[in-house]
Amino acid sequence: MHEHDTERDAARPPRRRDPVYAAVTRIAAFALAPVAAAVTPGRARHTACRWALAARFPAESLDGLQPAARAAFEAARTRALWEHGVLLGLTSGYRDRATQTALYLAEVRRCGSVAEARRWALPPEESRHVAGTAMDVRPTEGARWLERHGALHSLYRVYDNEWWHFEYRPDGPPARLPHPGAAARGTRRPEWFRQATSMTEIDLTCSAA
Ligand SMILES: [Zn+2]
């Protein structure tokens, strides 16, 4: 779920340097295309886009995403760059259970209640980041592009309060929800979670597990 404590409200206006980064990345992709064509015949745009975005977003990792979700995201960002000149970076994709648990518990602590915490983060059993099919993207312009064009790649925004969170849903568009805690009926929740009503109980359960 969220990674950006300062970005929870509506999408920020683009920073002044964002267009510069986008222009430099476009130029890099264009310049790298001939080499990319030699290395990966028929996939020049895809490869050049990957190289250019790796330079722009050196910390990002697509590892752990399900192969189909990763392919969809890479196809989408290639299209965004070459057709519209828009950069699409990954802030957070796959998370292991421990990482998601830590994020979730930190949120419970910060909010002081499970119900409030679930507006921003889900426990690992319910998180599609742990399943490898959720992607938190950046910058805001990239997220806007993905919201408009992502359906072609089965990538959809899911939550009203998380402009950055997208999910790979090959079965079609999911219902748009106000926040993660409004999750769909039938979502699996562990028994200890259903029974716990306070963060103290959850902390105790997790430390005992
Ligand atoms: Zn997310």
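Helices, taken as DSSP runs of at least four residues, and strands, taken as runs of at least two, are numbered here from the N terminus. In these terms the protein, which is described from a predicted model, contains nine helices and four strands. From the N terminus on, the elements follow the order α-α-α-β-α-α-α-β-α-β-β-α-α.

The four strands are arranged in an open sheet, in the order S1-S2-S4-S3, with antiparallel pairing. Strand S1 (89–92) and strand S3 (155–157) stand at the edges, and because each has a single partner strand, one side of each is left without a neighbour in the sheet. From one strand to the next, the twist averages 45 degrees. Strand S2 (residues 134–138) is joined to S1 by three bridges in the antiparallel sense, and within this pairing Asp136 of S2 is the bridge partner of Ser92. S2 also pairs with S4, again in the antiparallel sense and over three bridges, and here Asp136 stands opposite His165 of S4. The pairing of S3 with S4 is likewise antiparallel and involves three bridges, with Tyr156 placed opposite Glu167 of S4.

In a regular strand the side chains alternate between the two faces of the sheet. In S4, His165 and Glu167 point one way, whereas Phe166 and Tyr168 point the other way, and all of these residues are buried.

Helix H7 (residues 140–149) lies across S1, S2, S3 and strand S4 (165–168), and runs at about 130 degrees to S2. Its buried residues include Glu141, Gly142, Ala143, Trp145 and Leu146. An α-helix has 3.6 residues a turn, so residues three or four places apart point the same way. The buried residues of H7 pack against helix H1 (18–39) and H3 as well as against S1, S2, S3 and S4. Glu147, which also lies in H7, is partly exposed, because 16 other C-beta atoms lie within 10 Å, a count between the limit of 12 or fewer for an exposed residue and that of 20 or more for a buried one. Glu147 and Arg157 are ten residues apart along the chain, and their C-alpha atoms are separated by 6.0 Å.

In the loop between S2 and H7 lies Pro139, which is joined to Arg138 by a cis peptide bond with an omega of about -20 degrees. In the loop between H7 and S3 lies Ser154, a residue other than glycine whose phi is positive, near 60 degrees. Ser154 counts as partly exposed because 18 C-beta neighbours are found inside 10 Å.

Two packed helices are described by the angle between their axes and the distance between the axes. For helix H2 (residues 44–56) and helix H3 (residues 67–84), the axes come within 9 Å and cross at roughly 85 degrees, and the two helices are therefore roughly perpendicular to each other, given that angles of 65 to 115 degrees are counted in this way. On the H2 side, the contact involves Arg45, His46, Cys49, Arg50 and Leu53, which meet Glu74, Arg77, Thr78, Leu81 and Trp82 in H3. By residue class, the contact of H2 with H3 divides into four nonpolar, two polar and four charged residues.

The loop between H2 and H3 contains Asp63, which is exposed because 9 other C-beta atoms lie within 10 Å. Asp63 and Gly93 are 30 residues apart in sequence, and their C-alpha atoms are 7.9 Å apart in space.

In the predicted model, the span of residues 20–40 is 95% helix and 0% strand, and its end C-alpha atoms lie 28 Å apart.

Notes. Residues are numbered from 1 along each chain as its sequence is written. This is a predicted model: local features need pLDDT of at least 70, side-chain atom pairs count only at pLDDT 80 or more; totals for chains, interfaces and linings use all residues. Two strands pair if DSSP finds at least two bridges between them. Axes are lines fitted to C-alpha atoms, for helices over the stretch in contact, and angles run from 0 to 180 degrees between N-to-C directions. Two residues are in contact if their C-beta atoms, placed from the backbone, lie within 7 Å. Angles under 35 degrees count as roughly parallel, over 145 as roughly antiparallel, 65 to 115 as roughly perpendicular and the rest as oblique. Ala, Val, Leu, Ile, Met, Phe, Trp, Tyr, Cys and Pro count as nonpolar, Asp, Glu, Lys and Arg as charged, and the others, Gly among them, as polar.
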